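Dear colleague,

I am passing on the structure below, and after it I have set out what was found. Please read the notes with the structure open beside them.

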4 protein chains.
Amino acid sequence: MRPIIPDYLVEALGDVEPDASGAPAAYIPELAAADPERLAAAFATVDGRVYGAGDVDVPFTIQSISKPFVYALALADRGFDPVLAKVGVEPSGEAFNEISLESGTGRPLNPMINAGAITVHSLAGPEGCGPADRVERVVDGLSAFAGRRLSVDQEVYGSEMAHAHRNLAIAHMLRSHDVLTEDARTVVDGYTLQCSVVVTTRDLALMAATLANRGVNPLSGEQVVPGRVVRQTLSVMFSCGMYDAAGDWATQVGIPAKSGVAGGLIGALPGRIGIATFSPRLDRHGNSVRGVSLFERFSSDMGLHVMEEPSAGQAVVRSNHVVGSGPGALRVLELQGGIGFAGAERVVREVLETAPTETRVAIDLARVHAIDDVARRMVLEVARRLTLDGHDVHLVDPETILPDPDPGDGGRITVVQTVEQAMPAGA
Amino acid sequence: MRPIIPDYLVEALGDVEPDASGAPAAYIPELAAADPERLAAAFATVDGRVYGAGDVDVPFTIQSISKPFVYALALADRGFDPVLAKVGVEPSGEAFNEISLESGTGRPLNPMINAGAITVHSLAGPEGCGPADRVERVVDGLSAFAGRRLSVDQEVYGSEMAHAHRNLAIAHMLRSHDVLTEDARTVVDGYTLQCSVVVTTRDLALMAATLANRGVNPLSGEQVVPGRVVRQTLSVMFSCGMYDAAGDWATQVGIPAKSGVAGGLIGALPGRIGIATFSPRLDRHGNSVRGVSLFERFSSDMGLHVMEEPSAGQAVVRSNHVVGSGPGALRVLELQGGIGFAGAERVVREVLETAPTETRVAIDLARVHAIDDVARRMVLEVARRLTLDGHDVHLVDPETILPDPDPGDGGRITVVQTVEQAMPAGA
Amino acid sequence: MRPIIPDYLVEALGDVEPDASGAPAAYIPELAAADPERLAAAFATVDGRVYGAGDVDVPFTIQSISKPFVYALALADRGFDPVLAKVGVEPSGEAFNEISLESGTGRPLNPMINAGAITVHSLAGPEGCGPADRVERVVDGLSAFAGRRLSVDQEVYGSEMAHAHRNLAIAHMLRSHDVLTEDARTVVDGYTLQCSVVVTTRDLALMAATLANRGVNPLSGEQVVPGRVVRQTLSVMFSCGMYDAAGDWATQVGIPAKSGVAGGLIGALPGRIGIATFSPRLDRHGNSVRGVSLFERFSSDMGLHVMEEPSAGQAVVRSNHVVGSGPGALRVLELQGGIGFAGAERVVREVLETAPTETRVAIDLARVHAIDDVARRMVLEVARRLTLDGHDVHLVDPETILPDPDPGDGGRITVVQTVEQAMPAGA
Amino acid sequence: MRPIIPDYLVEALGDVEPDASGAPAAYIPELAAADPERLAAAFATVDGRVYGAGDVDVPFTIQSISKPFVYALALADRGFDPVLAKVGVEPSGEAFNEISLESGTGRPLNPMINAGAITVHSLAGPEGCGPADRVERVVDGLSAFAGRRLSVDQEVYGSEMAHAHRNLAIAHMLRSHDVLTEDARTVVDGYTLQCSVVVTTRDLALMAATLANRGVNPLSGEQVVPGRVVRQTLSVMFSCGMYDAAGDWATQVGIPAKSGVAGGLIGALPGRIGIATFSPRLDRHGNSVRGVSLFERFSSDMGLHVMEEPSAGQAVVRSNHVVGSGPGALRVLELQGGIGFAGAERVVREVLETAPTETRVAIDLARVHAIDDVARRMVLEVARRLTLDGHDVHLVDPETILPDPDPGDGGRITVVQTVEQAMPAGA
């Protein structure tokens with residue numbers, strides 16, 4: 001069988017290829033010299049399959065796409081409070097290189113603008129670590145997101161440092177507000193190294209998939225940063241990742257995203273997919289022209305939009321029936337699918353509405369493939385209350401999908417492998 | 001059995017009740033006179049079950065919570081282009097009553113600030129409709145979201161008009177930019193009526209649930225606005241709904257939300273739930289103090305955050321096995337759960353990796369409870385390509401979960417009710 | 001003899017006449033219909049001579065040129081504190097119709113932008129006076145500045161009210177901050193009438209000359225507003241009168257000035273001259289193109305720049321000599337010119353350095369044409385100290401240029417008509 | 001005789017001495033350690049007399065007071081166009097250390113804010129001069145303004161460089177806009193040296209008097225910068241010198257001024273006086289508290305306000321009479337005082353109105369002590385036209401107050417020493 005998704009990607013690239021509008025970044029010769037025709041797109045699934053088309057293995061510098069990842073590293077390394085004390089999470093509605101410091105405190109408005117990203121760089125690694133260790137931590141961390149060892153393009157780094165006037169301005173300003181507490185130039189130097197890390201479109205798709213997969217790299221299985229950090233990072237990407245076009249992006253594309261001045265663009269749809277594109281010509285916002293077109297198409301074609309969730313759990317209760325009769329009758333609630341709060345609510349309601357008269361009740365999880373913590377607690381609470389009402393509660397859980405099934409506080413549950421095992425002996 | 005969710009809500013209300021910080025809005029006597037102790041919370045599921053605790057049936061005026069709903073009505077009535085031409089979607093990072101017009105065009109930055117909401121009011125109803133018809137359309141529309149007939153508090157309306165200096169200023173400014181094209185005072189009058197619509201916490205929960213349910217009111221079943229309009233509305237709520245605290249809210253709570261100056265607060269989590277709270281004391285951003293606390297708790301307790309998606313479809317392919325042997329052998333792909341793009345990708349991959357040698361292939365949807373359009377098309381494409389490769393493709397779809405199963409272009413599918421029916425006669 | 005200044009004006013008009021750049025204001029038909037070729041310039045001296053060239057008697061509406069005059073009227077009518085409490089004096093660096101309210105208080109930044117001028121209009125006339133009386137006060141006051149009865153162009157007034165969206169916006173905003181305390185529309189109505197007062201270039205030159213002449217109309221001799229009010233008004237005109245081009249104007253032209261959207265432009269050089277020009281085509285700042293050129297030329301040709309003062313009083317002490325000899329010798333200090341602080345300082349120094357040994361000292365004011373209050377007090381103090389040192393002090397003041405010549409506190413002065421009268425009898 | 005002005009100054013210092021509000025600048029130890037009780041005031045006349053009271057010879061660093069002087073040097077060294085191309089003249093209405101760059105170009109709004117002053121420093125000295133030569137040029141230039149050799153406080157310089165974060169930020173930002181074209185740190189280094197030049201209150205008064213005296217140091221007689229440059233500098237000081245309190249200062253004090261963070265404050269009233277005060281405690285605008293009080297008093301007591309000009313030349317024509325009779329009769333116009341445009345206008349008018357029938361006309365300048373260029377040209381034109389009308393024109397100019405008395409183009413003038421010499425021989 002010919003591959004479907006690669007076909008789709010090839011077709012999508014073909015459609016945007018003729019668009020030669022925009023221009024590569026020109027502020028350093030190394031970027032200006034990029035081949036403007038390069039074009040690539042890749043999808044990485046949360047279990048690690050990568051689909052690519054075009055120049056997916058051509059290397060380029062990560063640039064601002066490093067921002068969300070190093071933000072995640074800093075949150076993981078220092079905790080939320082120290083990072084939030086230094087860098088806000090409010091959209092600035094401004095271009096990437098605006099200073100946008102909070103009036104009074106000098107706190108950068110968010111980690112996606114340069115002022116925020118420079119500050120965030122200074123917060124990577126353990127407190128008190130020196131500049132060299134910090135850079136190592138950052139490159140290690142980015143490598144962990146990508147699932148392979150990444151390196152720095154020393155030429156781009158050198159050239160960017162020679163043109164880092166605005167970032168130096170920003171860093172000195174941050175230093176004057178004590179948002180930075182060390183030498184301004186040293187921090188800009190480290191930040192510039194961070195931006196000069198070399199990636200491919202394939203790498204970026206996997207990095208994005210690591211975000212989509214709650215911080216676990218789908219290939220290496222490494223938990224690069226905690227899930228709570230990923231949630232924070234994706235939220236900030238959603239409202240601040242695309243600079244002054246953030247609102248258009250949020251409504252039209254709806255995928256937490258980040259672009260880089262070398263032409264890269266990533267998107268991460270939580271629980272679903274990581275996407276990356278590469279095309280060096282930029283629009284006036286500094287985002288890749290063809291990359292933006294590709295994302296618009298992906299979002300539209302595939303319903304990839306955070307606000308476009310299928311109504312989950314509509315059929316969480318697959319059946320509600322009685323097996324057997326008389327005193328040995330067993331009330332069976334057969335559940336299915338992945339169960340979160342909304343699904344658990346249905347289970348609770350089903351039990352309430354049924355008000356089972358049978359002494360024995362079985363909650364059958366054989367067709368359930370995932371249950372989150374709140375749903376687990378709700379199911380246990382149902383079991384507890386059923387116990388208190390005099391029921392004998394069985395949990396059919398052959399794959400131990402619901403760990404530690406102790407309802408506590410007067411509740412009792414018998415775990416069994418099949419519905420049959422929940423029936424009275426001799427039934 | 002004692003009810004679980006109401007218990008939870010009662011407990012949550014009890015926890016925030018002692019917090020008497022903040023103050024009711026004081027700019028008109030009617031709001032200042034609100035009983036500051038009122039407290040309510042309600043959940044409405046996407047299939048219409050409402051759980052409430054506290055003063056869920058106490059009436060109050062909807063105020064700014066009307067903004068996202070009337071935005072949705074205007075998008076539905078006029079289409080996207082005319083509305084986007086007049087009102088942007090960029091977060092303003094400013095207080096609700098800032099003018100925040102786009103420099104040059106005078107276009108309000110987004111529909112959640114007053115300038116945007118006043119403009120949006122003028123865009124409700126069909127083009128050319130008069131002020132009275134427009135107000136009727138707005139009240140009808142809000143009623144449709146709530147699932148019952150709503151009315152206007154004439155006293156609040158009168159008092160707000162007498163203090164509408166700033167809104168009049170904004171409207172005259174919009175008029176001077178031709179963003180409004182009719183009498184400024186008339187539009188403010190209609191907008192003030194819109195804000196004076198009376199709702200209860202229960203109503204608001206159902207209105208939010210209608211947004212969570214792709215625009216279909218869970219009780220009445222009415223498609224109040226199209227799904228695409230809801231997606232736009234939720235996106236804008238997410239980045240602009242909580243004014244200058246939008247970023248904090250987006251990261252910490254992560255639920256598209258909107259607050260009103262009378263103390264209401266709603267949140268809509270797409271596909272999952274509508275939430276509403278009511279408590280009149282406001283913080284300095286104009287958001288209900290206890291309402292914000294409740295939402296923070298709900299989000300944290302129940303994982304209700306748009307960026308916190310469970311990894312969907314991890315077990316979409318429940319089994320991949322062969323039934324029978326020899327020429328009559330049937331390759332069976334047993335799928336389960338709800339299937340979107342990410343799930344369909346797994347199916348595609350499974351087929352590719354299996355490269356089945358059996359002539360007969362069955363795709364078993366018996367345990368699938370939902371399949372979205374892109375997934376449907378991908379499954380059909382798999383079937384088409386399998387046909388082209390010489391396979392005989394059967395779709396086991398007893399509940400017709402996959403409508404119109406024609407793969408087209410050389411593909412062929414035989415729909416059956418059971419796996420058995422897919423086996424060769426006499427097998 | 002052919003007239004020199006009119007010749008100069010005619011020549012200047014001829015030089016700017018070919019410049020057809022810019023365009024008349026177009027926001028109301030009445031202004032758009034102005035003959036764009038109209039061109040006039042007039043000088044009015046502080047003793048009431050008016051020189052004009054071109055269309056000096058063509059009527060047009062005063063528009064924003066009313067702002068400084070009504071500011072002066074409000075300061076005169078209400079006193080400084082109430083006016084300064086409502087309207088600041090800081091340059092805004094913004095266009096005329098920007099709202100530019102002080103953050104927090106809502107106080108307009110200065111009286112030359114519309115927000116400030118609308119507020120100032122509300123402060124004209126005695127406190128508590130009604131709208132009609134206030135308009136009458138304003139028209140009366142403007143008439144007093146012009147030295148003849150002015151009237152209102154009702155058509156322009158009506159048309160401007162129909163297009164007053166932005167001013168209404170501003171007024172409602174001011175009302176929302178309680179900067180305005182009455183009905184917003186009523187104030188805008190009065191302000192629009194104020195702007196619709198009809199003047200000629202000749203009128204404007206005389207109005208400017210009244211400012212240059214410390215508030216005394218050079219023709220009527222009426223003290224329209226006090227000198228302290230004029231100083232305030234001229235200072236504000238200097239830094240805020242030309243909107244966002246204020247700094248260019250202040251440096252290059254250096255004449256306190258104000259322009260109007262109908263094409264008028266005035267300048268007042270304190271103590272020297274009032275200037276007015278008229279040409280309806282405006283530049284992007286809203287200032288008359290040819291008017292600005294004319295002022296640049298006048299300033300450059302004639303050294304009319306407030307920072308270009310001739311060094312005053314360099315020869316205040318015309319001679320310092322002794323008449324007669326022996327005990328009857330008279331030390332004579334012959335002064336000349338106009339004497340202010342700087343001149344008086346020289347007199348003081350001359351006396352100190354001379355340390356006259358003669359008993360008789362005469363201060364001869366026969367050639368002095370003006371002496372200001374501080375100089376008068378310094379001269380009297382010199383006289384007092386000379387008395388205390390044992391001198392006999394005579395003041396030769398045939399024209400009573402120094403009123404009330406009592407040095408007080410032990411000082412004594414004999415006023416005489418000629419130096420001879422100061423000599424001892426029989427000398 | 002006891003001295004009057006020193007008495008006045010001592011009294012003024014005594015009145016402000018008890019005010020201990022405000023605090024010395026604290027950002028570097030050297031400034032924080034300043035004796036906050038230091039207090040001085042000095043007047044310097046345009047002919048070089050200095051009056052002082054208090055600590056007039058205590059040295060301190062010039063800081064921002066260097067800004068207008070180095071602006072004048074840069075204008076003199078490079079010409080107006082290159083300087084205006086880099087630094088605007090618009091008031092910023094902001095604090096001294098705001099970046100305030102013109103949107104787009106990155107041009108600092110004016111030379112009195114740090115961004116402008118740093119840029120201006122880079123423009124001192126001839127184009128292409130190196131950093132060391134530039135610093136030498138600046139120190140030389142400041143010394144020339146003061147009339148004595150000034151030196152740099154190396155400790156203050158070193159300490160300020162160690163805390164120059166914000167200025168470095170500004171300089172890098174200017175570098176990023178190519179407003180600065182050399183190494184940002186080098187320019188800040190030079191600028192910091194400039195600010196660390198040591199002066200006394202006496203020095204500052206003389207520096208201000210040099211500005212008041214059209215650029216000529218009253219003591220040395222050196223033309224430090226051209227008069228046109230001084231006019232520009234004073235205009236900018238007037239509207240931008242006192243930062244965000246510029247409007248209050250312009251209206252209330254009305255003296256072009258500049259303050260420094262070490263406690264110095266200067267004012268220059270063109271043609272009249274230079275003033276300096278010293279008191280280290282600063283208000284929230286960064287201006288010396290007691291310095292501001294002293295200036296308010298000086299302005300109020302002595303009418304020292306640029307908009308408070310005595311009406312000049314009211315008696316320019318001292319007499320208009322005929323000497324002799326018959327064909328030898330001589331029409332004599334006896335003029336007096338200093339004559340500028342306004343005065344010359346009166347002369348022109350007098351001649352026109354007289355329409356003398358006498359053949360001989362004498363313009364008597366014996367009592368005139370100054371005549372500016374435009375007045376000179378107007379008087380010559382009067383003479384020329386009188387010649388053309390058949391008159392015999394004599395100029396009585398014993399002190400050659402009117403140089404080069406050639407009316408040209410058909411005019412003829414006979415210069416004489418006395419009115420008698422203008423009469424016909426034998427009369």
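Two residues are taken to be in contact if their C-beta atoms, placed from the backbone, lie within 7 Å. This is a predicted model, in which local features need pLDDT of at least 70 and side-chain atom pairs count only at pLDDT 80 or more, while totals for chains, interfaces and linings use all residues. Residues are numbered from 1 along each chain as its sequence is written, and chains are lettered from A and ligands numbered from 1 in the order in which they are written.

On that basis, nine residues of chain D are in contact with nine residues of chain A. The most to chain D's side of this contact comes from helix α8 (residues 165-176) of chain D, with eight residues; helices (H or I, at least four residues) and strands (E, at least two) are DSSP runs, numbered from the N terminus.

Chain D also holds an open sheet of five strands, in the order β2-β1-β7-β6-β5 and with antiparallel pairing, where two strands pair if DSSP finds at least two bridges between them. Because β2 (50-54) and β5 (257-259) of chain D stand at the edges, each with a single partner strand, one side of each is left without a neighbour in the sheet. Within the sheet, strand β6 (residues 264-269) of chain D is joined by six bridges to strand β7 (residues 273-278) of chain D, the two running antiparallel, and D:L265 has D:T277 in β7(D) as its bridge partner.

With best regards
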